[in-house]
Amino acid sequence: MQNNRVAVLGIYVTDLVFRASRQPAIGETLIGSSYIMGPGGKGSNQAVAAARAGAAVTFISKIGKDAFGESGLSAWEREGITSRVVQSETEPTGAACIFVNESSGENAIIVVPGAALSLGAAELDAAAGAITSARVFVTQLEQPIAAARRGLEIARAAGVITLFNPAPAISLPDQFYSLCDYVVPNESEAASLTGVSVSSADDARRAGDILLKKGAGAALITLGEKGAVFHTPERSVYLAAFFAGRAIDTVGAGDAFVGAFAAALAREIDPLEAARFASAAAGISVTRPGAAAAMPTREEIERLLAQS
């Protein structure tokens, strides 16, 4: 039986998404047009994206024993995601305040990780079986670096494909990159990590060269509506963005990309084709409101690929 398992380490938060014509100034009250509340957090969003894209997903995290935590457990159950989640008796589940520009779909986010801030190597060691039995392991940096590093170490030792989404971007030792088969930043994260201002495919290639020199196996740099660049020592390919309709909400587009890429890699699809699959998933996600709620299914992604 094919191993299409993906293990994701990350945080879960409850998203509070507010739509308005602009962000308020300090001291200003602004009337918005709508709001929604739903599941969020990069890791959880990526787990949902991978599950809907066809992977068998296990999510590793830490939440509180509270109403927000219960909503996360319910969300993973609905998506068919196996949870390896510690519930803290004393720490709350995280939350995020998200502003979405109602005209452009652009967003600004404040995240409070809550209980996930105390994730450490011990929790990863306890969940090692979920990582070593997967084909792909995914992590980011909303939880502590020590937890991300331990997860990557466990995966690398077991021969599991490692996918690192460096968000939010922070300074990391080069030894960290050597644990990563794929580093998948957006343009601002790539710029922060490499010092190269990234606004074009050529810029992304220059940033990609630095990430490879640091030890990454491959760099896959997303450029929003401008597409993405898949960059390895052997090949560097620009991938145009997919248009699936007017963008109304870009929250979670990067998570759609990462989760779908992981799901495709788990099916042993060629990495470049997996990146195209991920680009199509992101293109669909921006046409829908919300983060996890906007993630497309494998059938929807394949339909868009067939039409393009």
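1. Arg-235 and Asp-270 are joined by a salt bridge whose closest N and O atoms lie 3.4 Å apart, a salt bridge being a side-chain nitrogen of Lys or Arg within 4 Å of a carboxyl oxygen of Asp or Glu. Arg-235 sits in the loop between strand S12 (228-231) and strand S13 (236-239) and Asp-270 in the loop between H9 and H10, so the pair ties together parts that are 35 residues apart in sequence. Helices (H or I, at least four residues) and strands (E, at least two) are DSSP runs, numbered from the N terminus. Both partners count as partly exposed, Arg-235 at 33% relative accessibility and Asp-270 at 36%; buried means under 20% relative accessible area, exposed over 50%, and partly exposed in between (1.4 Å probe, protein chains only).

2. This is a predicted model, in which local features need pLDDT of at least 70 and side-chain atom pairs count only at pLDDT 80 or more, whereas totals for chains, interfaces and linings use all residues. Residues are numbered from 1 along each chain as its sequence is written, and side-chain values use heavy atoms, with hydrogens and water left out.

3. By the rule above, the count comes to 18 salt bridges. One of them pairs Lys-62 with Glu-91 at 3.4 Å, N to O; Lys-62 lies in strand S4 (residues 56-64) and Glu-91 in the loop between strand S5 (82-88) and strand S6 (93-101), so this pair links parts that are 29 residues apart in sequence. Lys-62 is buried, with a relative accessible area of 11%, while Glu-91 counts as partly exposed at 25%.

4. Within helix H5 (residues 145-157), Arg-149 and Glu-153 are 4 residues apart, about one turn of the helix, and they form a salt bridge with closest N and O atoms 3.3 Å apart.

5. Glu-189, in helix H7 (residues 187-194), deserves a separate comment: this residue is buried yet has no salt bridge, and the nearest side chain of opposite charge, Lys-42, is 5.0 Å away. Leaving aside residues up to four places away in sequence, Glu-189 touches Asn-165, Pro-166, Ala-167 and Ala-169, where contact means heavy atoms within 4.5 Å.

6. Which residues of H7 are buried? They are Glu-189, Ala-190, Leu-193 and Thr-194, and they cover an arc of only 115 degrees around the axis, which puts them on the same side of H7; the arc is that of the directions from the helix axis to the C-beta atoms. Their cover includes helix H6 (174-177), helix H8 (201-214) and strand S11 (218-222). After H7 comes Gly-195, with a positive phi near 80 degrees.

7. Two backbone details may be checked in the structure. A cis peptide bond joins Ala-167 and Pro-168, with omega about -5 degrees, and Pro-168 is found in the loop between strand S9 (161-164) and H6. Glu-268, although not a glycine, has a positive phi of about 65 degrees; this residue lies in the loop between helix H9 (253-266) and helix H10 (271-285) and is exposed, with a relative accessible area of 55%.

8. As for the chain overall, there are 11 helices and 13 strands, and of the 308 residues, 53% count as buried. Among contacts between residues at least 6 apart in sequence, 67% join residues at least 24 apart.

Technical notes: Lys and Arg count as positive and Asp and Glu as negative; His and the chain ends are not counted.
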